[in-house]
Amino acid sequence: MAIGSGLGAQLGIAAESSYGTFLAPTKFVEFTKESLALKKTTAQSAGIAAGRLMALSSRRVVTRREVSGSFDMEVSNKGMGLLLQTLMGTTVTPVQQGATAAYLQTHTLASVAGKSLTIQKGVPLTSGTVTDKTFIGCKITSGEFSCGVGEMLTGTFEIDGKDCDESQTLAAASYSNMSPFHFGQMALKTGTFGAETALDGIRKVNCKIERPQDVDRFYANQVALKKEPIENDQVKITGSLETDYVATTLDDLHTSDGATSLVWEFVGPLIASTFFETFRLTLPAVKLDEGPPVVDGFGVVKPTFNFTGLFDGTNQPKIEYISTDVTL
């Protein structure tokens, strides 16, 4: 028996072979909160019958089912591959670095067609019995990462899903010995793509990658369930840089509307040789939308620069992840 509270909850994931086809979870996410839930649309018969004062229970019908919600987590040094692949779109095989235990995953921005997850949630009753809610056909519609002074690197993943199946067997959760990336490992670099240099004064970084999709593909012959969402808009990458005003580098970019490559990375402990645990987001071109410095008191001036990620015409945004994970 598990503990009869959130302490006994679990979240497992698996990459589906085809949209909405259940696959038993093989990876388990250490999450901090979640809101995944079945959404149903109902219709109630309104036929008039002499003397009937209320609508009949037997004549309420479910006309569509779907899943929505999100979950928050700390970005760790293991087990992130499936989530990053489903967000970014590229099919990734970890590449061994040298002859070491370090493996590099390069998640380059690509179409997310065919990328879906089974997400299985275990929710404890107060008795300690853990109930199963298995969400199939889960597409990641956005991923947001954030880290500031004294904080962990966190991720929030927005989910759109096909259906909730409560007839599956709850998988037995198991966890690797993981540790989170954090502010003490953080660096931010800007400049020419491939030759970025460290930027001083950065206190907090936030970046959101949105994958717009048509999630309303309900048709006849689908028993109230949707078909796989299709991308229906360009990828949107936005974020913010909270700073102390130590130099005019970002201010000048805002004024000129010039583009810069941005590298946001976390480098953890050594795995082997010259290879370290790493989480690195590279945006080859960003432009600053807001953030000119203003003085609002006696303290240090602290502008926040909001940015938009754009295509530089050659290089795609990517997330590089170095861990000891041999597979996703």
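This is a predicted model: local features need pLDDT of at least 70, side-chain atom pairs count only at pLDDT 80 or more; totals for chains, interfaces and linings use all residues.
Strand E1, spanning residues 10–15, is largely enclosed by the rest of the structure, because 5 of its 6 residues are buried. E1 has pairing partners that include strand E8 (residues 117–124), with which it pairs in the antiparallel sense over 6 bridges. Within this pairing, Leu-11 has Lys-121 of E8 as its bridge partner. E1 also pairs with strand E2 (residues 27–28), again in the antiparallel sense, over 2 bridges. Here the bridge partner of Ile-13 is Lys-27 in E2.

A further set of antiparallel pairings involves strand E5 (residues 60–74). Strand E3 (residues 31–34) pairs with E5 over 3 bridges in the antiparallel sense, and Lys-33 has Asp-72 of E5 as its bridge partner. Strand E4 (residues 37–44) is joined to E5 by 8 bridges, also antiparallel; in this pairing Thr-41 stands opposite Arg-64. E5 and strand E10 (residues 154–161) likewise form an antiparallel pair over 8 bridges, in which Phe-71 stands opposite Phe-157 of E10. In a regular strand, side chains alternate between the two faces of the sheet.

Apart from neighbours within four places in sequence, Phe-71 is in contact with Leu-11, Val-29, Lys-33, Glu-34, Leu-36, Leu-83, Ile-119, Gly-155, Thr-156, Phe-157 and Ile-159.

Phe-145 belongs to strand E9 (residues 130–148) and Phe-279 to strand E19 (residues 275–290), so the pair ties together parts of the chain that are 134 residues apart in sequence. Phe-145 is buried, at a relative accessible area of 1%, and Phe-279 is also buried, with a relative accessibility of 1%. The rings of Phe-181 and Phe-266 form a tilted pair too, with centres 6.4 Å apart and planes at 55°. This pair links distant parts of the chain: Phe-181 lies in the loop between strand E11 (163–165) and strand E12 (186–191), whereas Phe-266 lies in strand E18 (residues 260–272), 85 residues apart. Phe-181 and Phe-266 are both buried. Ring pairs connect Phe-71, Phe-145, Phe-157, Phe-181, Trp-264, Phe-266 and Phe-279 into a cluster.

Met-186 is found in strand E12 and counts as buried, since its relative accessible area is 17% and the cut-off is under 20%. Leaving out neighbours within four places in sequence, the residues in contact with Met-186 are Cys-147, Ile-202, Val-205, Trp-264, Glu-265 and Phe-266. The C-alpha atoms of Met-186 and Ala-49 are 69 Å apart in space, and the two residues are separated by 137 residues in sequence.

In H1 (residues 81–88), 8 of the 8 residues are buried, so the helix is largely enclosed by the rest of the structure. These buried residues are Gly-81, Leu-82, Leu-83, Leu-84, Gln-85, Thr-86, Leu-87 and Met-88. H1 is followed by Gly-89, which has a positive phi near 105°.

In H2 (residues 249–256), the residues Leu-250, Asp-251 and Leu-253 are buried. They lie on the same side of H2, because they cover an arc of only 160° around its axis. Thr-255 and Ser-256, on the other side of H2, are exposed. The buried residues of H2 pack against strand E14 (202–210), strand E17 (236–243), E18, E19 and strand E20 (304–310). Just after H2, Asp-257 has a positive phi of about 55°.

Conventions
Residues are numbered from 1 along each chain as its sequence is written. Side-chain values use heavy atoms; hydrogens and water are left out. Buried means under 20% relative accessible area, exposed over 50%, partly exposed in between (1.4 Å probe, protein chains only). Helices (H or I, at least four residues) and strands (E, at least two) are DSSP runs, numbered from the N terminus. Two strands pair if DSSP finds at least two bridges between them. Rings of Phe, Tyr and Trp (its six-membered ring) pair if their centres lie within 6.5 Å; planes under 30 degrees apart count as stacked, over 60 as edge-to-face and the rest as tilted. Contact means heavy atoms within 4.5 Å. The arc is that of the directions from the helix axis to the C-beta atoms.
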